[in-house]
Number of protein chains: 2
Amino acid sequence: MRTLLLALAYDGACFHGWQVQRNAVSVQQTFQDAVERVLGERPDCKGCSRTDSGVHARCFCVSLRTQRQIPCERLQAALNHFLPESVSVLGVREAPEGFHARYDCLGKEYEYVIWNERARNPFLASRALHYYYSLDLGLLNEAAAQFLGTHDFSSFCTLDGRDRGDLSRAVTRSSWRREGGCVIYTVAADGFLYNMVRILVGTQLYAAQGKLLPAELPDILLARDRSRAGPTAPPQGLYLNRVFYRGLSCSAEGFQEESDE
Amino acid sequence: MRTLLLALAYDGACFHGWQVQRNAVSVQQTFQDAVERVLGERPDCKGCSRTDSGVHARCFCVSLRTQRQIPCERLQAALNHFLPESVSVLGVREAPEGFHARYDCLGKEYEYVIWNERARNPFLASRALHYYYSLDLGLLNEAAAQFLGTHDFSSFCTLDGRDRGDLSRAVTRSSWRREGGCVIYTVAADGFLYNMVRILVGTQLYAAQGKLLPAELPDILLARDRSRAGPTAPPQGLYLNRVFYRGLSCSAEGFQEESDE
């Protein structure tokens, strides 16, 4: 039995999230259909996270087990042949027996893209949040810095039974930058709670609007109370950007070997 | 009677080109419907060019005449309210009586975007040509330079009766650059024949494939024979990028005043 790890990219506007659902087109369903056409079997595909409807992936990792001996490069080409244009296989590689795209994941990086000009951008309609008021990058970065380190993020997640036990996460990157007409938030952590990035963004936009001060954020973290944080920003601005495994990372450029620590 | 000049941007994947047609959604139709809802009248809207189905506009200029006294900024906001997300009004300004977006146009700039990586990019599915073989920028720029200056571009246009009389055009910019995984061609001229940019691109890709030499291009220009040039590149990579008028230019950032000459 081989275990394979695959890196995908997909346009979230075309799907109702990763996970298979009744009466809705999911990336997982679409991907498993293509796998079945290529391999003639339907292995269970494990995704590295459960992206919501409308959320994009520049890189999303999937593990599966198969008996078939098709070489990785040929599998990639064949899958891309059968997949719609809204999904692309960026890379395929052998993984250790039993490797699991989600349980073996050491961390992830997300980006949240805001189109920050007065007139909307038709090319970013389903690819960014349109926010027309001016944004103070200094203030946003002051807010972003409060999330760095290990905190209980209960105030920044939607509790629906998915996240149990320890709700603390270690945030290793949290910063804003301007790129042309866009303002982009990057956040990396060893894991993310449900809706965490979108609530972090919504809360920081609250700070940008003067509805709370960056200095209040440590108290909001300590409160462990969702009602203390800001709203959940809409999904179309969110991109899964990087996925980290031991000795390996994955981005829009595909897999890169990384020296172990 | 006021004459107004409007700058639009649109995602060409959502439309069958600019011009009104039977049984197909055009930008012009969609735009005129929005104008009618805002102004309560249906002025004839003159577009700066006739973009084909699938071709995008980062900036496209439209002139119209109206009796209504609505201020430019309010007209912009109202039109954006009624237009779909795939079209945006970037700016509205008063123009001299009788100004015509097409006849008064002094020049235009187009970009052609090629996604030049092995795996396709789901975010550029209808926004770029996917070309996976490696491209030699030096050779492409050698080819591009042959088009600079004033030439008869009969070999580089589809003759369908649209272009009559003098088929010579003055090309002021013609060059390639790499930007991330994209390879981009920029061409500016005082005017363009039907399909001209797409044939210029198709021919230069022929040169990149070794099917002709950049040094043969002057002969192909002199031949005035469409069959001597390469194929017409597909529409989805093409963007109308800038439009030039006397003292005024228009881009994705809206209108900019320019010093005359």
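Strand 10 of chain A, residues 238-245, is largely enclosed by the rest of the structure, because 7 of its 8 residues are buried. The model is a predicted one. Strand 10 of chain A has several pairing partners. With strand 5 (residues 107-115) of chain A, strand 10 pairs in the antiparallel sense over 6 bridges. In this pairing, A:Lys108 stands opposite A:Val243 of strand 10. With strand 3 (residues 56-66) of chain A, the sense is parallel, and 2 bridges are formed. Here A:His56 stands opposite A:Tyr239 of strand 10.

Strand 11 (residues 248-251) of chain A also pairs with strand 10 of chain A. The two strands run antiparallel and are joined by 3 bridges. A:Val243 has A:Cys250 as its bridge partner in strand 11 of chain A. A:Val243 also faces A:Lys108. Strands 10 and 11 of chain A form a hairpin, with 2 residues between them. In the turn, A:Gly247 has a positive phi of about 75°.

Chain A is divided into two domains. Domain 1 covers 2-104 + 247-257, and domain 2 covers 107-241. Taken over C-alpha atoms, the centres of domain 1 and domain 2 of chain A are separated by 27 Å. The contact between them draws 14 residues from domain 1 of chain A and 9 residues from domain 2 of chain A. On the domain 1 side, strand 3 of chain A gives the most, with 5 residues. By class, this side of domain 1 of chain A has 5 nonpolar, 7 polar and 2 charged residues. Strand 3 of chain A is also the parallel partner of strand 10 of chain A.

Helix 4 (residues 196-208) was examined in chain B. The helix has 13 residues. From its first C-alpha to its last, helix 4 of chain B reaches 18 Å, close to the 18 Å expected at 1.5 Å a residue. Helix 4 of chain B is mostly covered, with 11 of its 13 residues buried. Among them are B:Met196, B:Val197, B:Ile199, B:Leu200 and B:Val201. B:Arg198, B:Thr203 and B:Gln204 are buried as well. Just after helix 4 of chain B, B:Gly210 takes a positive phi of about 80°.

The two chains were then compared. Chain B is superposed on chain A by a rotation of 180°, with 0.0 Å of shift along the axis and an RMSD of 0.0 Å. The two copies are thus related as by a two-fold rotation axis. The same surface serves both copies, since 100% of the contact residues of chain B recur in chain A. Of the residues of chain B, B:Phe123 comes closest to the rotation axis, with its C-alpha at 5.0 Å.

The contact between the chains takes 16 residues from chain B and 16 residues from chain A. On the chain B side, strand 1 (2-10) and strand 4 (87-95) of chain B are the elements that give two or more residues. Strand 4 of chain B supplies the largest share, 4 residues. By class, the side of chain B that touches chain A has 9 nonpolar, 4 polar and 3 charged residues.

Technical notes: Residues are numbered from 1 along each chain as its sequence is written. Chains are lettered from A and ligands numbered from 1 in the order in which they are written. This is a predicted model: local features need pLDDT of at least 70, side-chain atom pairs count only at pLDDT 80 or more; totals for chains, interfaces and linings use all residues. Copies are superposed by least squares on the C-alpha atoms of residues with pLDDT of at least 70 in both. Two residues are in contact if their C-beta atoms, placed from the backbone, lie within 7 Å. Ala, Val, Leu, Ile, Met, Phe, Trp, Tyr, Cys and Pro count as nonpolar, Asp, Glu, Lys and Arg as charged, and the others, Gly among them, as polar. A residue is buried if 20 or more other C-beta atoms lie within 10 Å of its own, exposed if 12 or fewer, and partly exposed in between; C-beta atoms are placed from the backbone. Two strands pair if DSSP finds at least two bridges between them. Domain bounds come from an automatic or database domain assignment. The expected span of a helix is 1.5 Å times one less than its number of residues.
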